[in-house]
Amino acid sequence: MPLTVDKLVTVLAVALALFHITVASPFVLMPDLILRGTHLLMALIIGFLIYGMTGTGLRKAVDVFFILLSIICVGYLIVFHASIVVRPPWTRDATPMEVFVALGTIVVVLELTRRALGPAISLLCLIFIVYGFVGPELRHVSFLRPLAHSGVDLNEFVDQMYLSFEGIFGVALGVSTNFIFLFVVFGALLQVIGGGDFFVNVTKAATGSTRGGPAKMAVVASALMGTMSGSSVANVATTGAITIPMMKKLGYPKAFAGAVEAVASTGGQITPPIMGAAAFLMAAILGISYQEVITAAALPAVLFFASLFVAVHWEALKHGLQPLERSVKGTTWREFKAGWTFLLPLVVIMTFLMLGYTPSLSAFFGVVATLLTPFLRRSTWVSPAVLAKGLDLGARAAVSVAIACASAGIIVGIVQISGLGFRFSSLVVAFADGNLYIALFLAMLAAFIFGMGMPTTPAYIIQATLVAPALVELGADPLAAHLFVFYYAVLGQITPPVAVAAFAAAPIAGTTSTAVGWRAFALGIPAYVIPFLFVANPVLLGQGEWTELVLVLGRSAIAIVCLTIMLTSWLGGRRLGWISRAALLVSAALMITPNPVLSAVALVVILGVWTLQRYGPGSVVTQGEPRRGR
């Protein structure tokens with residue numbers, strides 16, 4: 001049987017997955033440079049095979065050229081790693097060979113980034129590279145003078161980008177190598193052995209008896225799927241294929257059905273314990289444990305999904321939607337009993353993380369548990385081919401993350417060697433005139449710009465390098481500042497005009513991506529407020545006394561619910577008027593403030609609006625004929 005390109009990719013992907021599982025075990029030690037080099041080299045080879053140019057002849061020759069160039073350039077680093085790690089930086093001129101392999105590595109990384117992730121990141125990397133070399137000339141341009149620097153010569157550039165842990169092979173690629181890859185493989189394995197179906201079935205049974213059950217199912221299932229994939233598009237593709245048609249069948253408008261899934265799937269990236277690749281980078285950048293990151297992110301994630309849950313419930317009331325039939329939704333206990341063993345790998349990972357083990361070792365034991373879980377019960381047995389498929393899918397998905405981290409390393413390297421991070425932070429601080437909240441608003445706008453059409457990981461890295469230091473300088477808690485830019489890097493997935501989660505949901509919903517994108521943006525507005533809440537009240541990140549936490553969480557929850565109801569414009573069985581909506585908006589703002597008097601005023605206003613809606617004069621808007629899902 002001939003070895004096709006797809007079969008070759010499968011062989012290489014499974015080999016890469018087994019390599020990472022082996023080196024993550026407590027029995028194998030390997031130098032970091034070899035690990036990162038092997039990780040990137042295999043990602044490049046697999047990536048050029050997956051994203052090969054269509055056609056024959058010259059186009060295939062170009063792919064072969066890039067693969068050979070990858071092997072030569074990254075292979076040089078692996079072979080000569082021992083001399084590279086002890087090479088004093090910038091003390092001698094780079095040899096012609098070192099210049100060649102360094103520039104060649106940049107070329108292959110940027111080319112594969114262009115193919116796999118689109119031209120935006122590659123173009124941004126090129127802009128930063130040019131900035132590194134032309135920095136001294138910027139002093140001659142008045143509006144660019146604050147960004148001028150002393151310049152970077154070729155030797156410094158080669159050292160920074162290739163021969164150190166500060167460029168391509170820096171922190172970002174290290175996190176991809178040590179943590180992200182294994183968690184992505186873990187999620188893929190858990191899905192192929194039946195974990196994804198288990199989560200969806202249990203969620204459908206648990207939420208189907210309530211109004212708008214399929215929409216609530218999308219919210220809960222996407223949060224659970226986020227514990228496996230950490231990818232908004234992957235969540236849309238998996239849960240959306242089930243939830244969106246069910247929402248449409250129940251009576252939700254197409255755009256709303258797609259928007260619910262897009263927002264919920266995006267929220268999966270902020271749901272512990274995996275939270276997407278950027279969360280691992282956050283722990284590495286801040287120098288804290290990953291457990292601290294997921295602990296801090298827990299309550300904001302609860303607020304995120306609570307706001308979405310309220311929105312879909314009120315939308316169901318607004319349209320008079322009824323619960324699912326019992327025969328459709330099933331029973332929670334029966335579904336749980338049929339697949340409860342799929343929870344064991346998650347329990348293993350969480351247990352090891354809470355015991356203080358590294359994410360890498362925790363993921364290793366989680367992967368081992370996932371490989372063993374199907375064989376605990378005869379009804380869940382799978383073949384070795386299914387397990388191999390999980391390894392294959394996981395490795396393929398991790399390739400794009402590895403390439404994004406490598407390209408982000410180019411940007412981080414230039415920022416460090418040119419001093420751009422300090423200059424940019426100074427500009428933000430000066431423009432904000434020392435006001436933290438103005439700086440937060442500017443950071444939000446920067447996040448939207450950097451995150452437009454860009455995956456979460458590189459978007460977060462750029463903002464963590466340029467924006468987060470300015471927020472910290474103005475008094476924000478470091479973890480809160482990084483979570484702030486992380487949130488907006490995630491929310492970029494549902495922010496028009498380039499909302500990739502909406503693009504993924506639109507074809508399933510049978511409508512345009514523009515309609516889904518703007519509906520998702522409106523539905524997610526309460527989520528855009530949450531980062532401001534935990535920067536203003538770091539107690540929401542688990543910092544402080546529990547009594548203070550309860551009060552702040554309660555005020556924040558009421559504020560989020562008020563904002564959600566205001567956006568839904570439905571309360572007490574009828575449509576909200578503009579005055580009532582404005583009153584709820586003001587009440588939400590007052591609940592955010594720490595002043596107890598203002599909070600009490602807000603509660604009185606909220607109670608007044610509800611009483612007026614429920615018992616006040618005026619004709620009640622008919623909810624329409626109740627529709628029951630079938």
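Residues are numbered from 1 along each chain as its sequence is written. In this predicted model, local features need pLDDT of at least 70, side-chain atom pairs count only at pLDDT 80 or more, totals for chains, interfaces and linings use all residues, and side-chain values use heavy atoms, without hydrogens and water.

Biologist: Is His-20 buried or exposed?

Modeller: His-20 lies in helix H1 (residues 5–24); helices are DSSP runs of H or I, at least four residues, numbered from the N terminus. Buried means under 20% relative accessible area, exposed over 50% and partly exposed in between, with a 1.4 Å probe and protein chains only. The relative accessible area of His-20 is 2%, so His-20 is buried.

Biologist: Which residues is His-20 in contact with, leaving aside its neighbours within four places in sequence?

Modeller: Contact means heavy atoms within 4.5 Å. With those neighbours left aside, the contacts of His-20 are His-39, Thr-177, Phe-181 and Leu-182.

Biologist: How is Leu-103 classed at 36% relative accessibility?

Modeller: Leu-103 is found in helix H5 (residues 96–117). Because its relative accessibility is 36%, Leu-103 counts as partly exposed.

Biologist: How are H2 and H3 oriented, roughly parallel or roughly antiparallel?

Modeller: Helix H2 (residues 32–50) and helix H3 (residues 58–79) pack with axes 9 Å apart, at an angle of about 180°. Axes are lines fitted to C-alpha atoms over the stretch in contact, and angles run from 0 to 180 degrees between N-to-C directions. Angles under 35 degrees count as roughly parallel, over 145 as roughly antiparallel, 65 to 115 as roughly perpendicular and the rest as oblique. Therefore H2 is, relative to H3, roughly antiparallel.

Note on methods:
Helix = DSSP H or I, 4+ residues; strand = E, 2+ residues; numbered from the N terminus.
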